[in-house]
Amino acid sequence: MVSALLRAFLALLVASLALPASAQPLQRGPNNIAAALVAESAAPAPGSTVDLAFAMTPKAGWHGYWENPGDAGLGMTLEWSLPRGVTVGPLRYPVPQTLIIAGLMNHVYEGPYAPLVALRLDPALAPGTVLPIRVKADWLACTDEICVPESATLTTRLTVGQGGIDKAARARFDAWRQRLPAPLGSEATFARDGKILRIAIPFPAAGAIDTPHFFARTDKALRYGAPQAFFRDGDRLIVETEVAGTDAAEIGGLLRIGENLGLDLVARPGAVAPGGTRIDTASAAAPVQGDMLVLLATALGGALLGGLLLNVMPCVFPILSLKAISLAKAGGDERAARHDALAYTAGIVLVCLGLGGLLLALRAGGEQIGWAFQLQDPRITLGLLLLVTAIAFNLAGLFEFATVSAGGSLTQKQGAAGSFWTGALAAFVATPCTAPFMAAAMGTALILPWPAALLVFAGLGLGLALPFLAIGFIPALRRMMPRPGAWMGTFRRIMAVPMFLTALALVWLLGQQTGNNGVLFGLAAAMALALLLWWLGARQSAGKSGWITLAPSLAVAVAAIVALPINAAPSASARTADATLPAQPFSEAKLAELRAANKPVFAYFTADWCITCKANEAAAIQREATAAAFRKAGVVVLEGDWTRRDAEISRYLEAQGRSGVPLYVWYAPGQEPVILPQVLTVDTLTALPG
């Protein structure tokens with residue numbers, strides 16, 4: 001506390017020396033950093049933990065300080081007044097910035113920031129109990145010329161309840177949590193050599209790093225204003241700087257690895273040999289042009305191959321059957337075939353670009369989401385269910401609808417329009433699947449500049465469209481296809497079967513997302529739509545217009561999607577109770593705890609809409625041989641269920657260079673994690689503990 005006060009006094013002294021003679025004296029008035037105490041949930045459940053945020057908003061030109069402010073400044077101090085049954089954890093600060101004033105290094109926040117604190121409720125607290133929370137907060141607000149000690153008494157009022165969290169509050173706190181440093185999970189080491197301090201931090205050789213800086217939490221462990229040099233030595237990052245006066249037994253701190261990204265770590269004494277490849281921190285924020293081109297070429301190649309392989313994935317085949325009928329109908333008309341293929345390709349590429357652009361925009365706004373985010377919303381699932389139901393009945397011959405039908409005498413313009421929407425539908429349904437080569441490509445796209453990222457998304461669409469594009473432009477391939485004939489009607493009705501199976505899969509997914517109520521609601525909406533389509537088919541058979549029934553059909557679909565109850569989700573424990581290989585829910589805290597205890601860990605990330613995930617679980621994970629091998633070796637299994645949006649899982653996937661599922665990671669005690677192939681076998685898993 002004394003050293004903190006001395007730093008504050010030093011900051012005020014430096015500020016006073018820098019003040020011009022005309023500067024006005026300090027005045028009382030509104031704080032220069034506005035503070036508000038915000039609770040993530042106003043009705044936390046007994047025995048639960050709820051996050052509180054100190055939402056700090058500096059005026060333009062003002063800044064606040066990290067917990068260790070550096071050479072000058074003062075972090076936040078708190079005096080709590082809490083009701084019985086409530087305890088509070090330590091303050092968790094977001095990743096700070098560096099600011100040098102008059103040769104002094106400051107660890108600051110120059111824009112809005114939000115330290116978080118965990119409030120724990122006693123399980124004995126009765127529902128309905130009112131919990132008045134009061135805290136006196138003191139902090140230092142500074143500009144480059146002046147510092148003002150500020151304080152506020154902040155209050156909030158909680159009521160013990162069910163623990164519900166408003167969607168907007170969840171998004172706001174996820175954005176704040178995104179700026180907190182992640183626990184490193186591995187121990188760092190440090191060594192002193194005269195005035196030189198070297199800290200060796202476990203960090204993957206391929207891991208991206210941007211404008212690194214080590215912020216020491218341990219006071220006076222290093223000289224804050226001294227230059228910091230960074231070296232890569234295999235899977236270690238070595239920080240080299242200057243020792244300060246304190247001979248600390250351990251050094252706690254934060255390694256900044258990018259804007260608002262950091263790793264929280266503790267370094268203990270150990271051997272740290274000099275060497276490695278120096279990182280040019282001045283240019284770390286912008287990779288050299290050659291490296292960027294190589295990265296883009298690799299990602300684009302992976303996207304093309306991944307998109308091509310999506311054509312044989314079981315989640316895509318039912319949609320492609322529509323295109324197969326259309327191509328067979330085109331026969332030998334070369335001009336029609338080319339227009340058809342181009343329209344189909346345009347539909348796919350535009351949807352991939354649209355989804356990719358929306359993904360980048362949402363992430364830029366602070367959302368923690370990844371590729372295939374659309375099927376994490378049960379309303380999108382219901383919309384696809386109704387669309388697939390309509391297509392299945394159309395293929396079965398219940399009704400005719402030109403924009404989805406492969407039969408009928410379509411003009412060239414109508415045929416191109418049908419191909420475009422077929423491609424759009426194929427892309428929308430295919431994107432939740434993850435084929436080989438795709439995961440790394442999509443993960444890389446999220447760290448590239450947005451024009452390059454969009455090019456990767458377009459490459460995925462081009463790969464998906466490539467087979468039919470080749471058929472449309474290569475007459476030899478087109479001649480290999482069967483000629484149009486009576487078989488097309490039979491084939492069309494056969495293709496209704498996989499579409500109905502797809503509808504059943506979507507019903508199951510809806511149940512996983514919303515529970516039994518959502519399933520009943522979805523089935524009722526599908527039945528109502530089917531009755532209206534049957535009426536449409538009856539009118540068409542009688543030679544009457546179908547538009548009178550099409551309007552209520554669309555109205556039923558839209559009303560069902562809007563009214564879908566999405567609050568009730570099934571219990572994860574209920575789903576895993578009878579599993580052959582039981583798993584615990586994934587959390588970064590649980591993973592860190594198991595790693596600290598030297599437990600072998602198998603972490604897998606899945607989603608109910610991911611066919612590859614489910615195939616791996618059935619063929620390799622949920623098998624008795626795998627379970628027996630894991631039990632014998634004491635392996636702890638963590639399951640990350642990404643069926644519905646989960647910011648913590650999204651952050652973890654991003655940290656592994658992935659933007660979607662499946663992802664399988666093996667943690668052997670005392671070793672670096674190993675990312676496993678996306679297609680698993682029993683032999684692959686049973687060999688891990690050995």
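1. Main core. The largest nonpolar core holds 34 residues, with Phe-54, Leu-131 and Ile-133 making the most contacts inside it. A nonpolar core here is a set of buried Ala, Val, Leu, Ile, Met, Phe, Trp, Tyr and Cys residues joined through side-chain atoms within 4.5 Å. Buried means under 20% relative accessible area, exposed means over 50%, and partly exposed lies in between (1.4 Å probe, protein chains only). At least two core residues each come from strands E1 (33–39), E2 (49–58), E8 (116–121), E9 (130–142) and E10 (147–159). E9 gives the largest share, 6 residues. Helices (H or I, at least four residues) and strands (E, at least two) are DSSP runs, numbered from the N terminus.

2. Basis. This is a predicted model: local features need pLDDT of at least 70, side-chain atom pairs count only at pLDDT 80 or more, and totals for chains, interfaces and linings use all residues. Residues are numbered from 1 along each chain as its sequence is written, and side-chain values use heavy atoms, with hydrogens and water left out.

3. Phe-54. Leaving aside residues up to four places away in sequence, Phe-54 touches a set that includes Ala-36, Met-76, Trp-80, Tyr-113, Val-135 and Leu-154. Contact means heavy atoms within 4.5 Å.

4. Second core. A separate core has 26 residues, among them Leu-385, Val-388, Ile-391 and Phe-399.

5. Strand pairing. Strands count as paired if DSSP finds at least two bridges between them. E13 (residues 196–202) and E16 (residues 236–242) run antiparallel over 7 bridges. Ile-201 has Leu-237 of E16 as its bridge partner. E15 (residues 229–233) also pairs antiparallel with E16, over 5 bridges. There, Phe-231 is bridged to Ile-238 of E16.

6. Parallel pair. E12 (residues 188–193) and E18 (residues 261–269) pair in the parallel sense over 3 bridges. Phe-190 stands opposite Pro-269 in E18. E12 and E13 are antiparallel, over 5 bridges.

7. Turns. The E15–E16 hairpin has 2 residues between its strands, and Gly-234 in the turn has a positive phi of about 65 degrees. The E12–E13 hairpin likewise has 2 residues between the strands, with Gly-194 at a positive phi near 65 degrees.

8. Surface patch. Leu-304, Leu-305, Leu-308, Leu-462 and Leu-466 make a nonpolar surface patch of about 350 Å². Helix H3 (289–310) and helix H9 (450–473) each give two or more residues to this patch. H3 gives the most, with 3 residues. Leu-305 is in H3, and counts as partly exposed because its relative accessibility is 39%.

How values were computed
Patch = residues over 30% accessible without salt bridge, like charges linked within 9 Å, V, L, I, M, F, W, Y side chains within 5 Å. Areas by Shrake-Rupley, 256 points an atom, 1.4 Å probe, with all protein chains shown as cover. Salt bridge = Lys/Arg side-chain N within 4 Å of Asp/Glu carboxyl O.
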